[in-house]
Structure formats: C-alpha cells, structure tokens
Amino acid sequence: MYLVLISTHGLIRSHSLELGRDSDNGGQIKYVVELARALAQHPEIDQVDLLTRQIFDPKVDQDYAHPFDMLSEKARIVRIPCGPKRYLRKEVLWPYLGTFVDRALKHIREVGRVPDIIHSHYADAGYVGAHLASLLGVPLVHTGHSLGRDKLHRLKNQGMKVDTIESRYNISQRIEAEEYTLDVAARVIASTQQEVAEQYALYDNYQPESMSVIHPGVELSQFKPPGRITPKPPFRKELERFLLKPNKPMILALARPDIRKNAKTLVTAFGEHAELRDIANLVVLVGNRENAQSWDKEQMDVFSELLLLIDKYNLYGHVAYPKEHQPNDVSGLYQLATRSRGVFVNPALTEPFGLTIIEAAASGLPVIATENGGPVEILANCKNGLLIDPHDADKLGETLYLALSNQKRWQRWSKNGIAGAHKHYTWKGHAQRYVKDIKKLLSKSKKTKRIGLVKSRMPTIDRLVICDIDNTLIGDRSGLSQLLRRIKNSNTNIGFGVATGRHLESALQAIKEWNIPQPDLLITSVGTNVHYGERLIFDASWARHIHYRWDAQKAKKLMKEFDDLLPQPKISQNPYKISYFVDNKRPPRLREISTYLRQHDIHANLIYSHGAYLDILPMRASKGNAVRFVADKWGIPVDKILVAGDSGNDEDMLVGDTLGVVVGNYSPELKKLQNRPRVYFATNKYAHGILEGMEHYKFFEPQIITHEPA
Ligand code: GLC
Ligand code: MG
C-alpha cells in the first residue's frame, strides 16, 4: 500500500521537532511524524508520504524549505508550496488550501501511483484531503486531533464573545471544513472513545459506525523501570528540600494548574488520612512556575487553593511541589517513585487519554486513576492499579493507603504495567491495528464498487486525447468504433476526455447513445464545467478560477441591448454561460458586443460557433482554458494532449502547444487556423479524422511527434 498523510500547519521535519514553539506545534506534529515512521515499518506498506506546507522564511529554519525530507527508508516528508512563502499560523491558511490540493495532485502524478489511502490530520488538512480523495477516487481517513465545535463551546463557556472567537480563530470556517471532511471521510480515527462520544457527536455528520478508536502510540524508550545499579536521578535533590523522610513511598501526580486536573481532591485525600500521611510522601508537579506571575486567574486560583490546603492540613515535610522541572526530569521522577514503592495518581475530573499513566506504567509504577475517560481502557489493558471516583476524597485516601500496604499486589501491578504498556501502547501496535482497519475498509469499498470508489486514472496516464462531441466524436458510427478500439488496444496509457458545448446531462446522454465508455475527463458547457471519471467528480477549483471578475446578472442585463439575439433555452444556460442562437444570415457584431460589455466593466469571452451559436462566458472560461487548467492541475504536459474539434468553440483548444486536429467536416470559422503550427487539418471526417490526426502525430507510438513534419 501507498499512503499519503496530510498535515498542513506547523513546522514538521525529520529531527528536533520544535514542540511548544507556538500553538501550532503541539502533540499533532509529533503524532504525524511518529505515525508516518511507524506505518512505514509495517510489512504491507510500501511507501508513506507525509505532505505538509513548504515554508521559506528567515524566521524559521531552512529545513522547512526543502521539498523532501526522509523520515526513514520508506517514509518521507513532502513539502508542498501553497500561498505566501512565509510561515503562517493555521487560522490564516484557509485561502491557500485549494492550491495545496492542486500541487498535491502534481506530486502524486510525479510519484506515478495513486495512493490507496489519504489520511488527513486536523480541519485544514481535512479540507485538502477531502478534495484530493474525491478527485482521486481514494478513501479518506481523517483524524481531527481537536475539534472546532468543542473549542467553540469551551471558549463560550469561558465567557469569550462569539465575535472575538470568530476573528481570532476563524472558527466557522474550521467547523465548515470539519463537516465537509466528515462528509467525505470513509473512516475517522479517534484516540479515545470519549472523543467519539463527546466531541464528534457535536457534528451534523456524526457517524459513529465509521469511526475507529486507535489510541496513539507512546514513545516508551525513555521510560524504564529503575535497575538495581541505575544511579539516583538528580531530581531527587529537589524533593529532599521538601521532605522530612524522602525514602517513604511516593504518591506522584503530574498536574498542570488546571481545575480539571483536580489536584485539590488529591491533597485533601492525603491531608484527611492520617495513616496515609504516616507511610507516604505526596509529590505534585504543578506546572513549571518560573513565570507564575503571568498565569491567568484560573491557574492562579488552582495553585493558591493547593497552597492553602497544604497549610490547612499542615503537610509541611510530607508534600513536595517543586517549582520547576525539565522535560527529561519526568522519567527520573517515575523511577524515583517506583524505587520508593510508590504509586502514580491521576485524579482528573476527566482525562481524555492519559499519556502519563502509560509512561508511569512503563516505569514500573502502579497507577490509581480517574474513572472518567482514557484511564478506564488503560487500566483494563494493563491491570496495574485501580480506578477512583475523582469527587470522593475519602475513598481516594483509602484506596491509596491500601495500594501502598499490599506488597505482593504492588509487585504484580508493577510487572503488569511494564508488560502492558509495551504490549498495548507502542506505535508498532498502533500501526498493526491501523493496517488491519484500513484493509477492512478497502475491501469494503471494493465490494460496493457501484457506489464506492474507482481510482482516478489521471495521475497515471501518460497522454490524453480530448474530443469535441458533436460533429467530431459522433456523426459516423464506423469511425467512432474504430477510434475507440484503437485507443483501447494501444500499448500506451491514454486518458480519454471530451470537451463539449453541451451541458453535462446532455453530454452523458450522447455518450450513452453512441456507446462511448465513460471518459476520464468531461469538459462541458463550453468549458464552464469540469468533471472527472465514473463518479463525475466536480472540479471546484476550476469553478473558483473562472469566477474571477464575473458578474452574470449584470452581463445578462447588458446583453438585453442586443435584441436581435435569441436566448437559448434555460437548460443550456448556467451561471457561467449565457448563450444565444444567432441568425446565420446576420452574424453577431462581436466587436461591438465585447466593447459594450467592457465599457460596463464586464470582462467576457465571446464564442461564436457554427454560424449559429453565441456563448458569453467569464473571460477565464473556454474549452481551451479548461484543457490547460486540467493539464496544469494534473501535471500532464500540454504537448502530450491531442485535441480534436470541428467548430468555433474548439478554436482555443486547437491552437498553442496542444496537438490540434481539425476533422474534415469542419465549420468555416476554423478555416483561419489552416497555417497554424500544430493544427492538423484531416481529410477524413468525424472520428475517422481524429484517427488520421492521431496517426499524423504518431500518438500511439512511444515518442509522439510534436514538431511539424517537414
Ligand atoms: C452546444 C450547446 C450550446 C452552445 C453551442 C456552442 O450546442 O448546447 O449551448 O451555444 O454548443 O458552443
Ligand atoms: Mg462540434
């Protein structure tokens, strides 16, 4: 399998992640890098590409500018240019994500293989992944990491005004992207059951049956039980400043100053239980306080309440709350606690996952933890301790006392924890569960092929033929069947497209009537719409592209000035195509119309065909522009695209670098192209003419002839 992971924001590289640099460089950055590496280790995975944004900015390291960065033999970071070159925070990336989609398609084309899975991380990458997955016909897997609706609720509860939330976090755009992502995603991978039940449940597109809980792996290499000869960690000195008898069993808690971490109940439990105080010390790491003056009110309240409780129960000499610690002190602390035959305690009101519990377990330290959230599953897996009700201080004190009093059980818990952490919480285990889950998903989507996914051929074709429908592709049945047979039997990998003035339904009808296989590409309504493949995936970025400087209402109004033009029926009109019938004998005054429109600030493309039709389109829309847009988007060289047509609306796709073929039965308005380079006028008519043109350019040979034969 070939997997494409997408994580657009933050700073991602193969070494020394800058975690904590800003709010865009948190757990997700570490998660995606470790996930990519772990998946690439799996025997059933050939290649993992982790796509992120390319950044050129003197304010950040040059590493982030390199297009490729190897993570391991089979995994790499691929940096995709999108929007401004500088480092941008995730809230302002939205306008540039469409470009990310198109550049990612080019990358996939360069790889030459359509991925089996696209896995997006967070809302911004979800937006990109959903588009990519649709365009490629590949299942999307999504991991939210955190969710906009949940954040919105929390900020509202904290009293922040909706306007402020909106301007600071662009939250509605994020939520919209999340809904859209969930719409497209075949699978959502969550870290915990609680995330599914409490956070994803807030979404319109909540589909618990397509969600899998696969908890993240934990990098356990630095968390080991203390060996007999391991030197005592230096952090011990810090604790000795607080404790009368530092060798007593240690009750250890790591709790940011956050009400939800509930350190208060723990100190109360310890204070209230005289025997517990006798046999144990309490060690609470309440954040790093080098800068506690700048803490917000909530953090201050939590900390001062703690100090007051220590004072109330007169715990001096029995409780340590060191001012600062370094990240690598933590593993030493677990070891000290294990060595003292202590326990780790997490009394949080709710704990989403419980990373520290797993670290403690791997260090051989038994665990007493909240019954709300992640710990339930961890303790069920590891059997290394007990769950408690975080609101019941008395019970907590008693549980801690019993846990420290039974040596045999302590030994068993310690052993179980070490084994369980390695058995259930490694990235290797994560990758195994992941691959199993994905394989189930893929076989399901194969079985339901009718409604399921058919991979796009666009990234793997090496040349493309695009034909006008009326009077070109259709009109002569024997020529058509010869052409289709020739394409089907060719050794080269030819993509097949149509480009027509008809609207989509009408084009599909003609295709059906003439027994033409479903094209890989459909350019319809004179280039105003682009769709792909079996599932008719709409190209939204083309629609955005042609919207430029277009005002359909105004254009329509202005056109009333030319009352000799007869509007075509409603079905032939669309927001980017205003079409008329014209009288053969009185050709429209094209110059006059376009001048008039321009004077009124309407910038249109006027297309006159067969002496009978006039189309007014946005200036960026035409069959030819659509062909070039598709070529650029998918990375197909324009001179590997053969186009065939018969009339005026084909003109701009016939000229230029494309391999143009005008069929023998062409309309007079194309006569002027006769001496243009790379516009071949076939003698044969209809599809016979297309075939003749293909032979002319040696389109079926390994080397196409792109020069004019002398
Ligand atoms: C097709 C379309 C028509 C258009 C014409 C020329 O006949 O149905 O709307 O004007 O092509 O582009
Ligand atoms: Mg035609």
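Buried means under 20% relative accessible area, exposed means over 50%, and partly exposed is in between, with a 1.4 Å probe and protein chains only. Keep that in mind.

This is a predicted model: local features need pLDDT of at least 70, side-chain atom pairs count only at pLDDT 80 or more, and totals for chains, interfaces and linings use all residues. Residues are numbered from 1 along each chain as its sequence is written, chains are lettered from A and ligands numbered from 1 in written order, and side-chain values use heavy atoms, without hydrogens and water.

First, the metal. Which residues are the protein donors of the magnesium ion (ligand 2)? They are Asp-468 (OD), Asp-470 (O) and Asp-646 (OD), 2.1 to 2.4 Å from the ion. Donors here are N, O and S atoms within 2.8 Å of the metal (3.2 Å for Na, K and Ca); water is not among the atoms, so sites may look incomplete. The sequence spacing is D-x1-D-x175-D. Asp-470 sits in the loop between β15 (463-467) and α18 (477-489), and Asp-646 in the loop between β24 (641-645) and α24 (651-654), so this pair ties together parts 176 residues apart in sequence. Helices (H or I, at least four residues) and strands (E, at least two) are DSSP runs, numbered from the N terminus.

Buried or exposed? Asp-646 is buried, at 1% relative accessibility. Asp-470 is partly exposed, at 27%.

Next, Leu-387. This residue belongs to strand β14 (residues 385-388). Leu-387 is partly exposed, at 36%. Beyond neighbours within four places in sequence, its contacts (heavy atoms within 4.5 Å) include Ala-369, Pro-375 and Leu-379.
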